[in-house]
Each structure stands twice: as C-alpha cells, then as structure tokens.
Amino acid sequence: MWYGFLKDLPFTVNRQKVFNNYIVDFYCASIKLVIEIDGSRHFEKEGHLKDKYRDKYFSDNNIRVLRYSNYDINYNFDGVCQDILEYIKQSEG
C-alpha cells in the first residue's frame, strides 16, 4: 500500500502514527484521515470490538478511518486506491 500508492500522494502520509494508546497504519493530517489495513484478527470478535473503540476514539477527534482487509489489498488493490482517492476528492471539495 505504501510503496504502490500512498507515498506518491501530493501530501504527507505518515506510517505507524501514534495517537494516545493507538498506532495506526497510515495517517494524513491535512485531511484528518487514518487508513487501516486489517488482518484476520480484526474479524474475530475481540478484534472487531477493539476496532469499534478505536474508531470511536478517532471519530470523537474528528478523524475519519478507512479500513481495508488484507484480502482487499491483495485482490482489489486498484479498487482500494480508487476508494481512497474518492474520499480525498470529497474531503477537499
């Protein structure tokens, strides 16, 4: 995701950004966007519950979270990139 897309965006995207007790995969401060790539543990009951609390923390801080599964990245990379670009376009307009 980083080498194939995010590093080439026209603004700064940080990897492994720390927020309070959370570490996010990618963060773009200029549009207040977190991008998370979820492995299989995120789809288990405990992982899903932890993600719910994480997402609420970010929502409460006016930060949007976009989540994609490893499957999405591996089998629909272009679609994920397009989805992120659409969000960026909406947030700028």
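**Reading strand 3 and its surroundings**

Modeller: Let's start with a pairing: strand 2 and strand 3 run antiparallel and are joined by three bridges. Keep in mind that this is a predicted model.

Biologist: Fine. How many residues sit between strand 2 and strand 3 in the hairpin?

Modeller: Four residues separate the two strands there, and Lys32 in the turn has a positive phi of about 50°. For a way into the pairing itself, take Tyr27: its bridge partner in strand 3 is Val34.

Biologist: And on to strand 4: in which sense does strand 3 pair with strand 4?

Modeller: Parallel, over six bridges.

Biologist: How should I read the two faces of a strand?

Modeller: The general idea is that side chains in a regular strand alternate between the two faces of the sheet. In strand 3, Leu33, Ile35 and Ile37 are on one side, with Val34, Glu36 and Asp38 on the other. Both faces are covered, and six of the six residues are buried.

Biologist: What about the nonpolar cores?

Modeller: In soluble globular proteins, nonpolar side chains tend to be buried together. Here the largest nonpolar core has 21 residues, and those with the most contacts inside it include Met1, Phe26, Ile35 and Ile84. At least two residues of this core come from each of strand 2 (22-28), strand 3 (33-38), strand 4 (64-69) and helix 3 (77-92).

Biologist: Which element gives the largest share of this core?

Modeller: Helix 3, with five residues. There is also a second, separate core of seven residues, and Phe19, Tyr27, Val34 and Val65 are among them.

Biologist: What does Phe26 touch?

Modeller: Leaving out residues up to four places away in sequence, the contacts of Phe26 include Met1, Trp2, Leu6 and Val13, along with Leu33, Val34, Ile35 and Ile37.

Biologist: Now a charged residue. Is Asp25 buried or exposed?

Modeller: Buried, and Asp25 lies in strand 2.

Notes:
Residues numbered from 1 in each chain as written. Predicted model: local features only at pLDDT ≥ 70, side-chain atom pairs only at ≥ 80, totals over all residues. Heavy atoms only, no water. Core = buried A, V, L, I, M, F, W, Y, C linked by side-chain atoms within 4.5 Å. Buried < 20%, exposed > 50% of the residue type's maximum accessible area, 1.4 Å probe, protein only. Contact = heavy atoms within 4.5 Å. Pairing = 2+ DSSP bridges. Lys, Arg positive; Asp, Glu negative; His and termini not counted. Salt bridge = Lys/Arg side-chain N within 4 Å of Asp/Glu carboxyl O.
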